[in-house]
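Thanks for coming, everyone. Please have the sequence and the structure open while I talk.

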Amino acid sequence: MLPRRLLSSPMHLFRPMWLVLILSLAGFGVANGVNATVVRLTSLNWPPYSGQGLPSEGAAVAVAKAAFAAMGYQLEVDFYPWSRAVKLAHQSNTPYVGYFPEYYFDTVQFVFSHPMGMSPLGLLEHKSRPISWVSVKDLRNYRLGVVQDYVNTEELDRAIADDLQPAEQVTSDEFNIKKVAAGRIDAAVIDVYVMRYLLKQSRLQGVADKVQINSQLLANKNLYIAFKNTPEGHRWQAIFNEGLQRIDAAEIMADHLPE
């Protein structure tokens, strides 16, 4: 039993005031659309990994939603062109705590989650004109197609930036597929599952029999969520990483990828 003098302490008179303040703050959050159980990320339309209209909004989104759900959070994803998705995730005046799916790269703006899946990165080529290469330096004999602002491999991106690797930038993988099929470029950097998905689309009928993936992959790349390099971003990074440990990410990813 507490001493009587504590029971008569005037501190209990402040409890109603604190209760009113807490309820007021809660009401303010609801009125302003703030929901502590919701986390928001940006992404792009990059099927089969992410995109509006895909089952579960894509393979990577399915994994991310499951990981956050395992921790009691609901993930909401807004889709933008890639450059805008990255920019919005970095800005401090947006509701987004990060963006995905991304390959790892050196940056001070973002911190990366544990890997959420794998992306086999290859070279799309014309069936009648396959390219031959052993090292990335050998690719300098060919003109490659890359997607603007995509991270490829460190060595290849550095060669392109230094004007050592002939390359043309486009805004989507679909454009690169068409350019390879038409013989306008020698090859294009593309994820194997992205290629398989796109070649099944009716708008690319007549193209699938002209192109193929080169027998040698550029890399098997891990996929990550890039969180803001802020205390809030680090908190969500830790939450997501813990959630990944509670699910079978590989199985979820495989269920949403084309064969």
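**A walk through the model**

Let me start with a loop. D163 sits in the loop between helix 5 (154-161) and strand 7. Helices here are DSSP runs of H or I with at least four residues, strands are runs of E with at least two, and both are numbered from the N terminus. D163 is not a glycine, yet its phi is positive, about 60°. Is D163 buried or exposed? D163 has 69% relative accessibility, so D163 counts as exposed. The cut-offs: buried is under 20% relative accessible area, exposed is over 50%, and partly exposed is in between, with a 1.4 Å probe and protein chains only.

Two notes on the source. This is a predicted model, where local features need pLDDT of at least 70 and side-chain atom pairs count only at pLDDT 80 or more, while totals for chains, interfaces and linings use all residues. Residues are numbered from 1 along each chain as its sequence is written, and side-chain values use heavy atoms, with hydrogens and water left out.

Now the overview. The protein has nine helices and ten strands. Of its 259 residues, 45% are buried. Next, contacts, meaning heavy atoms within 4.5 Å. Take the contacts with a separation of 6 or more: 75% of them join residues 24 or more positions apart.

Some backbone details come next. E57 also has a positive phi without being a glycine, at about 65°. You will find E57 in the loop between strand 1 and helix 3. E57 has a relative accessible area of 21%, so E57 is partly exposed. P48 lies in the loop between strand 1 (38-43) and helix 3. The peptide bond joining P47 and P48 is cis, with omega about 10°. Another cis bond joins F100 and P101, with omega about -10°. P101 belongs to strand 3.

On to the core. A nonpolar core is a set of buried Ala, Val, Leu, Ile, Met, Phe, Trp, Tyr and Cys residues joined through side-chain atoms within 4.5 Å. How many residues does the largest one have? It has 70, and F68, F100 and F240 are among those with the most contacts inside it. Helix 3 (residues 59-70) gives the most to this core: eight residues. Domain 1 (38-118 + 221-255) and domain 2 (119-220) both contribute, so the core lies between them. Those domain bounds come from an automatic or database domain assignment. Look at F240 for a moment. Setting aside residues up to four places away in sequence, F240 touches A64, A67, F68, S113, H114, M116, I225 and F227.

What about empty space? Rolling a probe the size of a water molecule over the atoms shows where it is left. On a 1 Å grid over the protein atoms alone, a cavity is a set of points where a 1.4 Å probe fits but cannot get out, and lining residues have an atom within 4 Å of a point. Points are joined across faces, edges and corners, and the volume is the space filled by probe spheres set on them. The count is one cavity of 30 Å³ or more. The largest cavity has a volume of about 190 Å³. It is lined by 17 residues, and those closest to its centre are W46, Y103, Y150, V151 and N152. Strand 8 gives the most to this lining, with three residues. Both domain 1 and domain 2 give residues to the lining, so the largest cavity lies between them.

Last stop: helix 6. Helix 6 (residues 173-181) is mostly covered, with seven of its nine residues buried. What covers those buried residues? The cover includes strand 5 (117-126), strand 6 (144-147), strand 7 (167-170), strand 8, helix 7 (192-199) and strand 9 (211-213). N176 is part of helix 6. N176 counts as buried because its relative accessibility is 1%. Beyond its neighbours within four places in sequence, N176 contacts G145, V146, V147, V170, I185 and A188. V147 is in strand 6. V147 is buried too, at 4% relative accessible area. Just after helix 6, G183 takes a positive phi of about 75°.

That's my tour. Questions, please.

How values were computed: 1 Å grid on protein atoms, 1.4 Å probe; cavity = no way out; pocket = protein on both sides within 12 Å on 5 of 7 lines; lining within 4 Å.
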